[in-house]
Amino acid sequence: MGGRNLGVEEELLLVDPDRGEPRAVAPAALRFAHPGERLETELQREQLETTTRPCHALADLGEQIRDARLAASRAARSTGAEVAALATSPVRVQPSLTPSVRYRRMAAAYARTAAEQLTCGCHVHVEVSSPDEGIGVLDRIRSWLAPLLALSANSPFWQSRDTGYASFRQQVWVRWPSAGPTGLFGSFRRYRAVVEDMVGSGVLLDEGMIYFDARLSRHYPTVEVRIADVCLRADDTVLIAGLVRALVETAARQWRAGEPPDPVRTELLRLAAWRASRSALHGDLLHPVTHHPVPAHRVVRALLAHVRPALAAAGDLNTVEHLLCALLCRGSGADLQRAAHRRTRDVAQVVSDAITCTLS
């Protein structure tokens, strides 16, 4: 029971609790963090990143996620700010770069793409036994990543306006030259060759800028799935993490059994991610097996059926089914943000409601 080790990184916005506007206080907030709290700065000073420890049980993961959010909130409050699990800022903002040598180099190299890149994602790490198994997993989860974006979509607003997208973060993020889905690698050697060629091109500053939707971690023996928006509610983060672990286990079993990966072209995967970014759980998504448009609820059912044996083996099936049902009943983060805006016509109130959801 419990399956593979997993962990989560969440990027959170630092905001003014009254006006809702992002606050550039991350370095100051970190000075108030308690020893042992896993908080870090990110590209912009208006955000903090939290990191859980590796664990087995989803209940443990959920407790760690809530504790990390509370720790970030305590640090933020010491500067007069608060944290909100929003993947983009609903309130107009001009981001302020974190003053590190690497981030200054990124700002110089990528110009407006870096200057406007205030987005918050959720990164799920799942343990793999070897780099070869990791590549076997990456090649076999490609088609199933877009539904995770649809479930996590939490960024409908940009510069105080509704963009028409459920995850506008995805649209901003893919402006990075290495972001998005990947083709088949086939082997760890081939993966390393691709990464080295990309860095060697001079377009990327370093290997840390390999921004694939899913990649091998540079620091841990894990597959890192990066496609999701940061989730408004901690329970939804647990759901995404449970589904990612089950996808990794399912893919690893297929790899060990010698089942070939789906040869779907990267161009179709880009379309699937765009569709999930645009409408999330409303309307059609591209089915991960047929790659044809079908209602979103059918894609969600297909995802659950695909990973059900792995969920059952890990003891996660009841938890994931319960969390998924709750999300589908109440709506995604994007749905909740839009509902708050319809109610108040005030993007600052969207942020205020998000602060409450973040810490609930």
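1. The buried residues of helix H7 pack against helix H4 (131-141) and strand E8 (214-216). Contact here means heavy atoms within 4.5 Å, and buried means under 20% relative accessible area, with exposed over 50% and partly exposed in between (1.4 Å probe, protein chains only). Helices (H or I, at least four residues) and strands (E, at least two) are DSSP runs, numbered from the N terminus.

2. A word on the source: this is a predicted model, where local features need pLDDT of at least 70 and side-chain atom pairs count only at pLDDT 80 or more, while totals for chains, interfaces and linings use all residues. Residues are numbered from 1 along each chain as its sequence is written, and side-chain values use heavy atoms, leaving out hydrogens and water.

3. Which residues of H7 are buried? They are Tyr-191, Val-194 and Val-195. They cover an arc of only 95 degrees around the axis, so they sit on the same side of H7; the arc is that of the directions from the helix axis to the C-beta atoms. On the face turned away from the buried side of H7 you will find the exposed residues Arg-189, Asp-197 and Gly-200.

4. The length of H7 checks out. At 1.5 Å a residue, its 13 residues (188-200) should span 18 Å, and the end C-alpha atoms are 18 Å apart, which agrees. The expected span is 1.5 Å times one less than the number of residues. Just after H7, Gly-202 takes a positive phi of about 85 degrees.

5. Back in helix H4, have a look at Gly-136. Gly-136 counts as buried because its relative accessibility is 4%.

6. The largest pocket has a volume of about 650 Å³. Its lining comprises 28 residues, and Glu-9, Glu-42, Glu-49, Arg-215 and Arg-226 lie nearest the centre. (On a 1 Å grid over the protein atoms alone, a pocket is an open set of points where a 1.4 Å probe fits, with protein on both sides within 12 Å along at least five of seven lines; lining residues have an atom within 4 Å of a point. Grid points are joined across faces, edges and corners, and the volume is the space filled by probe spheres set on the points.)

7. Among the elements that each supply at least two residues of that lining are strand E1 (6-15), helix H3 (101-115) and E5. His-123 lies in strand E5 (residues 121-127) and, at 6% relative accessibility, counts as buried. Its contacts include Glu-9, Glu-49 and Arg-226, not counting residues up to four places away in sequence.
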